Amino acid sequence: MERLGRERISSEASPSKVARSSKSTRSLPRCELRCRGCDRTFEDDGFVLECPTQHEPALLATEYGDKRFEPDTRAEGVFRYRQWLPGPRTLSGAGSSVTYRSEKLNRILGLLNAWVVFNGYWPEKGAALETPTFKDLEAWSVLSRIPEQHDGVLVIASAGSTAAAFARACSLNKVPCLIIITEIGLPNLRFPDPLDPCVKIVSLTGFTDYSDAIELANRVSQIDGFFAGGGVKNVARRDGLGTTMLNAVETMGQIPHYYFQAIGSGAGGIAAYEAARRLVDDGRFGEELPRLMLSQNLPFVPIYMSWKSRRRELVEISDDDGRRQIQQIAAQVLSNRRPPYACKGGVFDILTETRGDMLAADNLEALHAKRLFEETEEIDIDPAGAVAFATLIKAARYGGIERDALVLLNITGGGRHRQQLDKKLIAARPTLKLNEKEILLDETLERIVGLFS
Ligand SMILES: [Zn+2]
């Protein structure tokens, strides 16, 4: 294959959804982007989401000039890992993950070296994410990637926790933001203070789900003055989520053998893989990538089914079946109907490369795991974290995990009830409500634009 030269995006170009490139010769930059499909590299303009070359779907990934893992001990929250975040800025108010080992949990699991990376609110452990899930980490990372002088409206589609994270971080930093969220996700939007008016919430009612939110967000993002948060395609989101792995390895001193996490889109799993890859390249924390043990909530398990059938293509689930299954799962955040499974650098590739596996837990197993965790650790956890914990319990009992293996469990959200007890939280209200018919209309786009004029 022809080796492509180092290329860059012209800095005077307006923010583009697809990178434009021109040749230049430069020394190794702090951060550049590499396409997982064609291996081409280019400079980050703070917005680019896709490779400019036409080819099969592929993720872009960051590459950092600095290969040695050196947390910035003076920086706040997630910015402790700023050397491996694409955004050049640091913002104040950000939190971080907390990693700990629990004797009681190890006893329950029958393991010796299982650790928890906890994302949420848990003052005794020093966990204080603004919204109690690891989506907080990606929100701060995305905002730090947006150039300071930019005044467009950031568009975010969400099933709940991403909306909360972006609404809060954008409100604190006065970044104009449109949140498109399913009605069922609205209870996630509770905050210690009212949101700044720069944040507008559109809720989807009726027979709609997360995928409808994504589609509407894609349409709005095409309008002048709006730009997409980009979901899993945004390198800042994945590198923000990847700081959970960095935090864990900084605490444990070693890359784990197994990594357990529940996934909807799989962004967190891909992020954990990418962060572990950098740590392997550093060389001081182990030579092997962790085996990714990713999980979904039965009956909605498209990635699990695709992986178990050993195929690269995502299984076909009809829209109606998908919607019905999603309405039955306890962990609503795990409800992406079009996850980045087949694309280059996506979930299929990372499971293959790490000799990982897909696992599943039903609502009853998740509920049991949730209660067990809460009784043992004395902190409440979200259903998604409970799904991951349920699959770890099963894998430790029947899955052949070595007793002394270094195991990392990502509790992706926790301390929600604890936060409500400690702080008086105010529910944010949607500015606009749209049903499944209204979201298809062109005049709906005009109404959304009108919210910001
Ligand atoms: Zn490419």
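**View 1. Histidine 55 in the predicted model.** In this predicted model, histidine 55 is partly exposed, with a relative accessible area of 31%. Through its NE2 atom, His55 coordinates the zinc ion.

**View 2. Cysteine 51, a zinc ligand.** Cys51 coordinates the zinc ion through its SG atom. Cysteine 51 has a relative accessible area of 8% and is buried, because buried means under 20%.

**View 3. The zinc ion and its four donor atoms.** The zinc ion is held by the SG atoms of Cys35, Cys38 and Cys51 and by NE2 of His55, at 2.0 to 2.3 Å. Along the chain, these donors follow the spacing C-x2-C-x12-C-x3-H. The angles that the four donor atoms subtend around the zinc ion are 106 to 114 degrees, so the arrangement is tetrahedral.

**View 4. Domain 1 beside domain 2.** The domain assignment places residues 1–65 in domain 1, 98–130 + 235–420 in domain 2, and 153–224 + 424–450 in domain 3. Between the C-alpha centres of domain 1 and domain 2 the distance is 30 Å. Each side of the contact is made up of 11 residues. Together, domain 1 and domain 2 bury about 920 Å² between them, and 58% of this area is on carbon and sulfur atoms. On the domain 1 side, Arg36, Leu59 and Thr62 lose the most area to domain 2, together 54% of what that side buries.

**View 5. Arginine 36 and glutamate 274.** Arginine 36 forms a salt bridge with glutamate 274, and their closest N and O atoms are 3.8 Å apart. Across the interface of domain 1 and domain 2 there is one salt bridge. Six residue pairs are in polar contact between domain 1 and domain 2.

Note on methods
Residues are numbered from 1 along each chain as its sequence is written. This is a predicted model: local features need pLDDT of at least 70, side-chain atom pairs count only at pLDDT 80 or more; totals for chains, interfaces and linings use all residues. Side-chain values use heavy atoms; hydrogens and water are left out. Donors are N, O and S atoms within 2.8 Å of the metal (3.2 Å for Na, K and Ca); water is not among the atoms, so sites may look incomplete. Four donors count as tetrahedral if all angles lie between 85 and 135 degrees; four count as square planar and six as octahedral if opposite donors are over 155 degrees apart and all others between 65 and 115; anything else is irregular. Buried means under 20% relative accessible area, exposed over 50%, partly exposed in between (1.4 Å probe, protein chains only). Domain bounds come from an automatic or database domain assignment. Contact means heavy atoms within 4.5 Å. Buried area is the accessible area (1.4 Å probe) that two parts lose on being put together, summed over both. A salt bridge is a side-chain nitrogen of Lys or Arg within 4 Å of a carboxyl oxygen of Asp or Glu. A polar contact is a pair of N or O atoms within 3.5 Å; within protein, one must be able to donate a hydrogen and the other to accept it, and residues adjacent in sequence count only if both atoms are side-chain atoms.
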